[in-house]
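Me: I would like to go through the terms used for this structure and test each against its definition. Start from the model itself, please.

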Amino acid sequence: MSKVHNFSAGPAILPKEVIDNCISALQNFENTNLSLIEVSHRSKEFVAVMDEACSLVKKIMNLGDDYDVIYMQGGASTQFLMTAFNLLENKAAYTNTGTWAKKAIKEAKHTGTVDILGSSEDKNFSYIPKNFEISSDYDYFHCTSNNTISGTQMQSFPECNVPLVCDMSSDIFSRELDFSQFDLIYAGAQKNMGPAGTTLVVIKKGLLGKVTRYIPTMLDYRTHIDKESMFNTPSVFAVYGCMQTLRWIDKMGLATIEKLNTEKAELLYNEIDGNELFQGTTAVEDRSKMNITFILKDDSRNDDFLKSCADANISGIKGHRSVGGFRASMYNALGLDSVEALVSVMKTFK
Ligand SMILES: *Cc1c(COP(=O)(O)O)cnc(C)c1O
């Protein structure tokens with residue numbers, strides 16, 4: 001079978017060794033002669049997986065014991081509510097940078113006052129709003145580091161005197177960052193760190209316990225921190241897949257990963273800018289290195305282009321239904337050769 005170039009937005013490409021190791025754990029987990037998905041999550045073998053999946057996050061993010069790491073269920077979408085429920089007492093500040101940010105805002109509004117400090121909705125979310133002040137009376141400031149659907153990415157994060165909360169679902173572990181500037185990071189695993197079914201949450205100690213509302217047990221971060229992500233049965237397979245991906249990330253190092261991601265993104269953006277048939281859809285300074293959105297100037301040729309991609313074994317290039325055009329999601333595990341294959345189709349198409 002020939003190789004498929006997987007540009008899927010999520011669930012998305014994972015390193016081959018991660019998939020191979022998941023397959024063998026499904027057959028025989030840690031020499032137990034049992035499958036990973038048929039042993040107790042409280043077995044010493046699985047507890048070791050959970051421990052490593054948490055400690056690798058801290059190691060790669062260069063965070064110390066002042067942070068807790070948990071794996072949750074319910075996706076990043078449940079975090080939209082949980083962040084607000086656990087942190088919002090009076091008012092919070094949000095940026096509105098796309099579909100996911102809007103959903104986060106919607107949930108928070110049920111919980112307290114939400115001020116939108118910057119929005120790019122006026123231009124179809126094609127840029128990152130900047131130049132706003134975050135006053136110190138907010139309970140927290142929430143932002144989306146990478147906008148998976150519109151293809152913009154924050155290149156830096158605002159200075160603020162209030163807790164910084166970030167939805168990092170689609171660019172987590174894609175670049176070096178000072179992770180200690182964040183007070184809470186969440187990410188659905190299925191974009192850049194593992195199989196669907198679990199959500200990583202990293203929380204700075206001391207952040208919780210400041211709201212007066214009753215927080216239902218399962219929605220209270222403290223429940224999951226206290227029980228080390230084992231209050232109820234965790235998504236064992238997804239957490240195992242994350243641990244394997246984290247080992248791969250740790251071996252490569254974020255600096256190397258960032259370099260490769262930059263190289264891949266430059267290659268594709270150069271073709272989009274240099275090929276007169278195509279056009280980028282986002283502000284140049286805010287371009288995402290993870291989800292690259294572009295259009296054909298003559299959109300009557302869209303189906304032709306998708307066919308040329310399919311003929312070259314390129315999969316997942318069709319844009320999100322809400323924006324149209326094309327989107328190349330280029331997560332960590334996607335090789336430069338796949339981007340070269342796409343660029344070659346674009347050149348031939350011209
Ligand atoms: C995919 C995505 C989500 C939603 O994730 P689920 O795990 O499906 O709930 C939220 N935010 C961003 C930035 C995403 O890319």
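Me: What makes a residue in the lining of the largest pocket nonpolar, polar or charged?

Reply: The class follows from the residue type: Ala, Val, Leu, Ile, Met, Phe, Trp, Tyr, Cys and Pro are nonpolar, Asp, Glu, Lys and Arg are charged, and the others, including Gly, are polar. On that basis the lining of the largest pocket has six nonpolar, two polar and five charged residues. The model is predicted, so local features need pLDDT of at least 70 and side-chain atom pairs pLDDT 80 or more, while totals for chains, interfaces and linings use all residues. Numbering starts from 1 along each chain as its sequence is written, and side-chain values use heavy atoms, without hydrogens and water.

Me: Why is this space called a pocket?

Reply: On a 1 Å grid over the protein atoms alone, a pocket is an open set of points that takes a 1.4 Å probe, with protein on both sides within 12 Å along at least five of seven lines; a lining residue has an atom within 4 Å of a point. The volume is the space filled by probe spheres set on the points, which are joined across faces, edges and corners. For the largest pocket this comes to about 260 Å³. It is lined by 13 residues, of which Cys54, Lys58, Asp68, Val69 and Glu228 are the closest to its centre. Two or more lining residues come from each of α2 (44–61) and β2 (67–72), and α2 gives the largest share, five residues. The element names are DSSP runs numbered from the N terminus, helices being H or I with at least four residues and strands E with at least two.

Me: How do you know that α7 and α9 are roughly parallel?

Reply: Axes are lines fitted to C-alpha atoms, for helices over the stretch in contact, and angles between N-to-C directions run from 0 to 180 degrees. Angles under 35 degrees count as roughly parallel, over 145 as roughly antiparallel, 65 to 115 as roughly perpendicular and the rest as oblique. The axes of α7 (residues 254–274) and α9 (residues 336–349) cross at roughly 5 degrees and come within 9 Å. The two helices are therefore roughly parallel to each other. Contact means heavy atoms within 4.5 Å; among the residues making it are Leu267, Leu268 and Ile272 of α7 and Val339, Val343 and Met346 of α9. The contact of α7 with α9 holds eight nonpolar, no polar and five charged residues.

Me: What is the order of the open sheet of three strands, and how are they paired?

Reply: The order is β11-β12-β14, with antiparallel pairing. β11 (278–280) and β14 (326–329) are at the edges with a single partner each, so one side of each lacks a neighbour. The twist from one strand to the next averages 35 degrees. Three bridges pair β11 with β12 (residues 291–296), and phenylalanine 278 has leucine 296 as its bridge partner in β12. α7 packs on this sheet, touching β11, β12 and β14, and its direction makes about 15 degrees with that of β12.

Terms used: Pairing = 2+ DSSP bridges.
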